[in-house]
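Open the structure in your viewer and keep the selection tool ready.

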Amino acid sequence: EVVDVTYEADPFFSFHHVNAFDDEKNGRVVVDMVCYPNGKFVVDSLNLKELRGDRRLPDGKFRRFYLPLNAKGVARVESETLCEKYPLELPRINYKRFNGQPYRFAYGLGISSSSMSFLDTIVKLNTQTNETRVWHEDGLFASEPIFVSAPDAKGEDEGVILSVVLSGNLEEKKPFLIVLDAASFSEIARAEVDCRIATTFHGNFLSAPVPN
């Protein structure tokens with residue numbers, strides 16, 4: 001069914017959409033995104049010159065938008081920030097089971113403190129309570145956290161989080177793949193590699209070799 005309505009909200013910029021689902025009880029669509037107030041500032045901050053300096057990356061906010069389905073004409077969109085404690089980027093969820101469905105847990109990268117300029121913390125967000133769990137070690141920088149469900153999992157966060165972690169000093173610490181328990185966020189294992197790995201934004205987990 002086509003809803004003949006125009007939705008309006010305060011301007012923002014976004015790289016990443018997290019999820020969206022029908023909230024039938026309240027007659028609305030819920031849309032989660034990572035948002036910034038100024039797109040040019042975000043893009044400029046990713047220039048190599050800026051990354052080599054001390055400029056802090058802009059803080060991405062995990063925003064939830066509510067689009068009413070019973071609106072007519074032009075409707076104002078209400079929204080709220082779900083994760084106040086940490087900026088968040090490179091979000092992932094248990095997409096295999098909850099893509100387009102109501103969900104509870106999201107994972108992403110945050111910045112540990114105001115003195116840090118780059119993403120250095122893996123964050124788990126409970127979207128229902130706004131509670132967070134984190135993994136962080138000084139001087140280490142993680143990549144996009146990838147959720148891998150456990151075989152025959154029943155819980156939404158029953159599985160592991162995978163992330164490639166780099167050191168700010170490659171001469172002292174090798175890159176490694178970290179494996180976290182997705183529920184408790186405790187470390188299960190890490191696998192070091194004896195080579196240099198470039199900083200990455202995105203990745204995927206494949207449970208079987210890709211056919212030729």
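This is a predicted model. Start at the largest pocket, which is lined by 18 residues. Select Phe 118, Phe 141, Leu 166, Ser 167 and Thr 199: of the lining residues, these lie nearest the pocket's centre. The space in this pocket comes to about 300 Å³.

β13 gives the most, with three residues.

Next, select strand β8, residues 105–110. Are its residues mostly covered or mostly open? Mostly covered: six of its six residues are buried. In a regular strand, side chains alternate between the two faces of the sheet. Now color the two sides of β8. Phe 105, Tyr 107 and Leu 109 are on one side, and Ala 106, Gly 108 and Gly 110 are on the other. Both faces are covered.

Strand β7 (residues 89–92) pairs with β8 in the antiparallel sense, over two bridges. Find Glu 89; its bridge partner in β8 is Leu 109. Then select strand β9 (residues 121–126), which runs antiparallel to β8 and is joined to β8 by six bridges. Here Tyr 107 has Lys 124 in β9 as its bridge partner.

Last stop: the surface. Select Phe 15, Val 43, Leu 46, Leu 48, Leu 51 and Phe 201. Together they make a nonpolar surface patch of about 510 Å². Zoom in on Leu 46, in the loop between α1 (39–45) and α2 (48–51). Leu 46 is partly exposed, with a relative accessible area of 31%.

Terms used. Residues are numbered from 1 along each chain as its sequence is written. This is a predicted model: local features need pLDDT of at least 70, side-chain atom pairs count only at pLDDT 80 or more; totals for chains, interfaces and linings use all residues. Side-chain values use heavy atoms; hydrogens and water are left out. Patches are made of residues with over 30% relative accessible area and no salt bridge: like charges are joined within 9 Å, nonpolar side chains (Val, Leu, Ile, Met, Phe, Trp, Tyr) within 5 Å. Accessible areas come from the Shrake-Rupley method with a 1.4 Å probe; for residues, only the protein chains shown count as cover. A salt bridge is a side-chain nitrogen of Lys or Arg within 4 Å of a carboxyl oxygen of Asp or Glu. Helices (H or I, at least four residues) and strands (E, at least two) are DSSP runs, numbered from the N terminus. Buried means under 20% relative accessible area, exposed over 50%, partly exposed in between (1.4 Å probe, protein chains only). Two strands pair if DSSP finds at least two bridges between them. On a 1 Å grid over the protein atoms alone, a cavity is a set of points where a 1.4 Å probe fits but cannot get out, and a pocket is an open set with protein on both sides within 12 Å along at least five of seven lines; lining residues have an atom within 4 Å of a point. Grid points are joined across faces, edges and corners, and a volume is the space filled by probe spheres set on the points.
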